Amino acid sequence: MDNLVVELAGLLGEAHVLVSAQDQAPFLSDWLGKYRGAARAVVRPGSTEEVAAVMRLCARHGVPVVPQGGNTSMSGGATPDSSGRAIVLSLTRMNRIRALDAIGNTITVDAGAVLAKVQQAAQEARRFFPLSLGAEGSCTIGGNLAANAGGVAVLRYGTMRELTLGLEVVLADGRVWDGLTALRKDNTGYALRDLFIGSEGTLGVITGAVLKLFAQPHARATAFAAVPDVAAALSLLAVVRDRCGDRLTAFEFMTGDCLALILRHVGEARLPLGEMPPAAVLIELSDQDDEPGLRDRLEATLLGSVETGLILDAAIAQDGAQAKAFWRIREGVSEALVREGKAAKHDVSMPVSAMADFVAAADAAVRAAAPGVRPIVFGHLGDGNLHYNVLPAQGQDPAAFAALAPALTRLVHDEIGRRRGSISAEHGIGQLRVAEMPLRKAPLDLELMRSLKDLLDPAGLLNPGKLLPGKRLPASATN
């Protein structure tokens, strides 16, 4: 047996070191089925101390480590390469709620805790953890932190970076950085915590976190409104913000083509309007109490916007069941896209004021390059994050479309670059976009990122091939 595997089994127990193809299979491919790799072993530590011991052992042997949480990455960020050199370090056994402070409004959790479990623990303490994702029943807090997850409530509560007070991280050499603090003010130096959030497991293995909690919003008002286009939706966003302030929790946008796709593939989705609109927004307000008053405020805001032409039609949910039905439309987007077939997917962000111009320019560019392709646009309009997907033309050969997809992606990302946006808003770079980093990031940005990587992981053993492009050999080494 492999000596490394024997040593790993000595550290964790044989049951938690997986070597057979059958046992490893769930850990070696991403959930979209786009990437598949190989591993020397899959290890499942049960504590921070065991993670540290694994990292020390791998550092001594020069073995790469791919950290993995719920394995719900949209960019292949938790999938090993095909060499079989790496071990996959699964944190799913580390799933404890360590502490909950209802007075300080914090919850301390293991990195392998499933997001839904954290939400439930907060609710049982009459508190609220606001991160909400389609994969919340399987994604883990460590993965959410590694990708700086956003979700539908960023508009009010922020991304994981804003929701996190402290971290515990195991470094590449096995040392444990204990930054597991609940302090909201600490002006004693660099914010080391922020280095690891969004680093996709390339600088250290997050093993624990202190997260912010909030008062439970007992009152909600939800509306589904038809709008003429993206520009009208942005104007409506400004109106709702002015009238409703920080009660505005979500403002989700979908084009008419996106809605049609959902209704075609998601049987329980029902459009709450009379006819298919050119575009629509899903709006949610939340507050601590007075749901009728909240609904009245939203209704008055929407009525005023109907009179000015920003809204073509609207429906306001009268109870929780109707609100859930409205959200089912938005939540059905991913399911509908999967059922429709392969798409060129883009998770992009830009200044909110640039979004209407971006959609018009990107639509024109991809349609000129590939007549008949179908842009499907949806996303978190309030925080500048759009999911801009391009479906093949009706009847187009899948292989022919796959050959076109890289060129379409370049066009979309060029339009993002012109607006000083980002090619990854919340899905991460992973291995999906790593080759584009030299084209989309300034040289100094990459130099500083590489310097941090070399400082914290000089041997390049943590999640190799993700986020940062590989080092270039010096000229003398290429001759």
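Leaving aside neighbours within four places in sequence, T159 is in contact with N148, A149, G150 and V154, where contact means heavy atoms within 4.5 Å. The place of T159 is in the loop between helix 6 (154-157) and helix 7 (160-163). Helices (H or I, at least four residues) and strands (E, at least two) are DSSP runs, numbered from the N terminus. The structure is a predicted model, in which local features need pLDDT of at least 70 and side-chain atom pairs count only at pLDDT 80 or more, while totals for chains, interfaces and linings use all residues. Residues are numbered from 1 along each chain as its sequence is written, and side-chain values use heavy atoms, with hydrogens and water left out.

T159 counts as buried because its relative accessibility is 18%; buried means under 20% relative accessible area, exposed over 50%, and partly exposed in between (1.4 Å probe, protein chains only). The side chain of T159 makes two polar contacts described here: one of 3.1 Å with the side chain of N148, and one of 2.5 Å with the side chain of E162. A polar contact is a pair of N or O atoms within 3.5 Å; within protein, one must be able to donate a hydrogen and the other to accept it, and residues adjacent in sequence count only if both atoms are side-chain atoms.

The protein chain as a whole contains 17 helices and 18 strands. Its C-alpha trace spans about 70 × 55 × 45 Å along the principal axes. For 479 residues, a compact globule would have a radius of gyration near 23 Å, and the value of 23 Å for the protein chain therefore agrees. This radius is taken over C-alpha atoms, and the globule rule is 2.2 Å times the number of residues to the power 0.38. Of the 479 residues, 51% count as buried. Among contacts between residues at least 6 apart in sequence, 72% join residues at least 24 apart.

Two open sheets are described next. Strands of a sheet pair through backbone hydrogen bonds, either parallel or antiparallel. Two strands are taken to pair if DSSP finds at least two bridges between them. Strand 1 pairs with strand 2 (residues 41-43) in the antiparallel sense over 2 bridges, and L18 stands opposite V42 in strand 2. Strand 3 and strand 4, by contrast, pair in the parallel sense over 4 bridges, with Q68 opposite S90 in strand 4. Axes are lines fitted to C-alpha atoms, for helices over the stretch in contact, and angles run from 0 to 180 degrees between N-to-C directions.

The other sheet is formed by 5 strands in the order 5-6-10-8-9, and its pairing is antiparallel. Its edges are strand 5 (97-101) and strand 9 (176-179), each with a single partner strand, so one side of each is left without a neighbour in the sheet. From one strand to the next, the twist averages 10°. Strand 6 (residues 106-110) and strand 10 (residues 205-212) are joined in the antiparallel sense over 5 bridges, and T106 stands opposite K212 in strand 10. Helix 3 packs on this sheet as well, touching strand 5, strand 8 (164-170), strand 9 and strand 10, and its direction makes about 45° with that of strand 8. Helix 4 (residues 115-124) touches strand 5, strand 6 and strand 10, with a direction at about 35° to that of strand 5. Strand 8 and strand 9 form a hairpin with 5 residues between them, and G174 in the turn has a positive phi of about 95°. These two strands run antiparallel and are joined by 4 bridges; L167 stands opposite G179 in strand 9.

The largest nonpolar core has 55 residues, and those with the most contacts inside it are L8, I87, L89, F129, I141, M160 and L211. Such a core is a set of buried Ala, Val, Leu, Ile, Met, Phe, Trp, Tyr and Cys residues joined through side-chain atoms within 4.5 Å. Helix 3 contributes the largest share of this core, 6 residues. A second, separate core of 47 residues includes F253, M355, V390 and F401.
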